[in-house]
Amino acid sequence: MRWTNYFIHPGDNRYYVFSFQEEEHAHAFELRLSKESIPFERHLEKDEHLFGVHRSHFKKALNANHLVYAKYRTKFIPVR
């Protein structure tokens with residue numbers, strides 16, 4: 001069981017894999033990676049959207065990942 005939506009690629013530890021169940025989240029992540037000029041590979045596997053990112057770009061990709069989840073999460077304290 002994974003606690004996060006990213007992990008080290010099982011076949012090549014030079015890459016991290018980010019996974020998304022929701023199409024909308026995956027699309028937003030792809031846009032953020034492109035905006036930051038982060039090279040990536042995208043793969044769809046059994047309704048799971050996977051993105052491979054080289055570890056040299058991990059910090060920027062992780063920031064993009066956090067911003068995607070911040071955009072779609074429900075607020076702890078509702079704003080009027």
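User: In which sense do β3 and β4 pair, and over how many bridges?

Analyst: As a general rule, two strands count as paired if DSSP finds at least two bridges between them. Strands are DSSP runs of E with at least two residues, helices are runs of H or I with at least four residues, and both are numbered from the N terminus. Here β3 and β4 are antiparallel and share six bridges. Within this pair, Arg 42 faces Phe 51 of β4. The two strands form a hairpin with two residues between them, and Lys 46 in the turn has a positive phi of about 50°. The model is predicted, so to speak of local features requires pLDDT of at least 70 and side-chain atom pairs count only at pLDDT 80 or more, whereas totals for chains, interfaces and linings use all residues. Residues are numbered from 1 along each chain as its sequence is written, and side-chain values use heavy atoms, with hydrogens and water left out.

User: In what order do the four strands form the open sheet?

Analyst: The order is β1-β2-β4-β3, with antiparallel pairing. Because β1 (6–8) and β3 (40–45) are at the edges with a single partner strand each, one side of each has no neighbour in the sheet. Axes are lines fitted to C-alpha atoms, for helices over the stretch in contact, and angles run from 0 to 180 degrees between N-to-C directions. Neighbouring strands in this sheet are turned by 25° against each other on average, direction ignored.

User: Which residues of β4 stand opposite Ser 19 and Phe 20?

Analyst: Ser 19 is opposite Leu 50, and Phe 20 is opposite His 49. Six bridges join the antiparallel strands β2 (residues 15–20) and β4 (residues 48–54).

User: How many residues of β4 are buried?

Analyst: Buried denotes under 20% relative accessible area, exposed over 50%, and partly exposed in between, with a 1.4 Å probe and protein chains only. Five of the seven residues in β4 are buried, and the strand is mostly covered. Helix α2 (residues 58–72) lies across β1, β2 and β4, running at about 10° to β2.

User: Where is Ile 38 placed, and is Ile 38 buried or exposed?

Analyst: Ile 38 is in the loop between α1 (23–35) and β3, and is buried, with a relative accessible area of 4%. Contact means heavy atoms within 4.5 Å. Leaving aside neighbours within four places in sequence, Ile 38 is in contact with Leu 33, Val 53, His 57, Lys 60 and Ala 61. The C-alpha atoms of Ile 38 and His 57 are separated by 6.6 Å, although the two are 19 residues apart along the chain.
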